[in-house]
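Welcome! Here is a short tour for anyone meeting this structure for the first time.

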Amino acid sequence: MNKHAVREQGAVQLYLNPRCVQDSQEYDASLQSILSVAAFEQAQASIVQWPGYAPTPLRHLPGLAAQMKVGGVYYKDEAGRFGLGSFKALGGAYAVNRLLLRQLQAHTGNTSLTLDDLKNPAYKDFIAGLTVTCATDGNHGRSVAWGAKNAGCQCVIYIHEHVSTGREQAIASYGAKVVRVPGNYDDSVRQAAEDAKEHGYFVVSDTSYPGYMDVPKDVMQGYTVMVQEALDQIGSGKPVSHVFIQGGVGGLAAAVCAHMWERLGAQRPRLIVVEPNKADCLFQSAVQGKPVTVTGDLNTVMAGLACGEISLLAWEILDPGTYAYMTLEDDAALQTMRRLARADKGDAPIVAGESAVAGVAACMAACEQADWRQAVGIDENSQILFFASEGDTDAELYQRIVGMSAKEVLAQEPV
Ligand SMILES: Cc1ncc(COP(=O)(O)O)c(C=O)c1O
């Protein structure tokens, strides 16, 4: 069999990326112009000062490791991030701050102003007169709305017809105006862009496209704070051999890929990017060797991953950096949420939302088949890292899927 043919097992797919330069190439200057450790340091210096900052926990799941017959599982649990429920709190809010700074610098003509100056009362009225906007399937909009509230500017958020009312309310709770538009995520992106042009709003998108690169870079750079936390928490522990990371537009996966690549060089883990099979723009782009758009209603329970268009900047990093791509159907995510919620095989119970579990679900599926294990290089010594990107960001939906509320899940005794 051709090593790079698409493999299928039931509803799960695996594709080994023929362009991956796993250990033959350093993280080079062209990629550093997108994401870099230098820009990470700026993001980190700012984000650690935000009220409520604390690194999210890195858990060990020996029960899951035994079930998958691997050496160990590191589980970076983003459920508690800034009380917003997902890693996205890092990206959108940071990009709002950076955007406001650029506007302030332009307004004052003073390019030496820094993010700290946003808090200067002298600029309060100017900032209050600016409006940021974005389209979202929930978590990014929540982050932008939260960032806008903290910084003191206005905010308008666009959601599409499949976004739950729970998520809508969460965004509105930060004082943002929420506009619901017909269609899918990509339709809401277009509406946000049109309205921004008409009303002079500033778009804070988590996806990049021709002519729109600065803001999504900042969004992704914010995410790298989470990646560095994980590296610090692992410290001198067993090095990670594989990361299974879920993809929407690819920003999260690119942040993980870039930061680990620049930090760890040839020692970096193999990265496996996972998507819902109904919204597999990264997988399809990889197979075709160029960015492609996936159409349809993209309706998956993994709402944060329901994207049909890849972020071009993410693609620049992921195309050489990703070892393999996988797709899953919704049922695998639902089962994995329930598996993690059960205090099972010695693991503590975990609250993981629909989009958080795709990486775990894909790894479990790959581990079940000897030839897939071999294809991605997993054995009994492998140390797998997951970024569990959200908790119960829609509490009602979570309870319906798992049969327990987050509180009930966490109250269980390990067995
Ligand atoms: C919980 C969660 N995980 C993963 C992702 C995927 O991130 P990206 O769109 O940057 O690939 C998202 C995106 O919204 C998300 O909300």
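## Before we start

Two strands count as paired if DSSP finds at least two bridges between them. Please keep in mind that this is a predicted model.

## The annotated domain

Let's begin with the record. An unreviewed UniProt entry places the feature "domain: Tryptophan synthase beta chain-like PALP" at residues 51–369.

## A four-stranded sheet

Next comes an open sheet of four strands, in the order E7-E6-E5-E8 and with parallel pairing. Its edges are strand E7 (177–180) and strand E8 (202–203), each of which pairs on one side only.

How many bridges join strand E5 to E8? There are two, and these strands run parallel. Strand E5 covers residues 131–136, and Thr133 stands opposite Val203 in E8. Helix H8 (residues 185–199) lies across E5, E8 and strand E6 (154–159). The helix runs at about 160° to E5.

## Around the ligand

Now for the ligand. Which of the 16 residues around the ligand come nearest? They are Asn139, Gly248, Val249, Gly250 and Ser389.

At Gly251, a backbone N or O atom lies 3.0 Å from an oxygen atom of the ligand. Taken alone, the ligand exposes 390 Å², and the protein buries 99% of that.

Conventions
Residues numbered from 1 in each chain as written. Predicted model: local features only at pLDDT ≥ 70, side-chain atom pairs only at ≥ 80, totals over all residues. Heavy atoms only, no water. UniProt positions renumbered as here; feature names shortened; annotations may be inferred. Contact = heavy atoms within 4.5 Å. Axes fitted to C-alpha atoms, helices over the stretch in contact; angles between N-to-C directions. Near = heavy atom within 4 Å. Polar contact = N/O pair within 3.5 Å; in protein donor to acceptor, adjacent residues only side chain to side chain. Areas by Shrake-Rupley, 256 points an atom, 1.4 Å probe, with all protein chains shown as cover.
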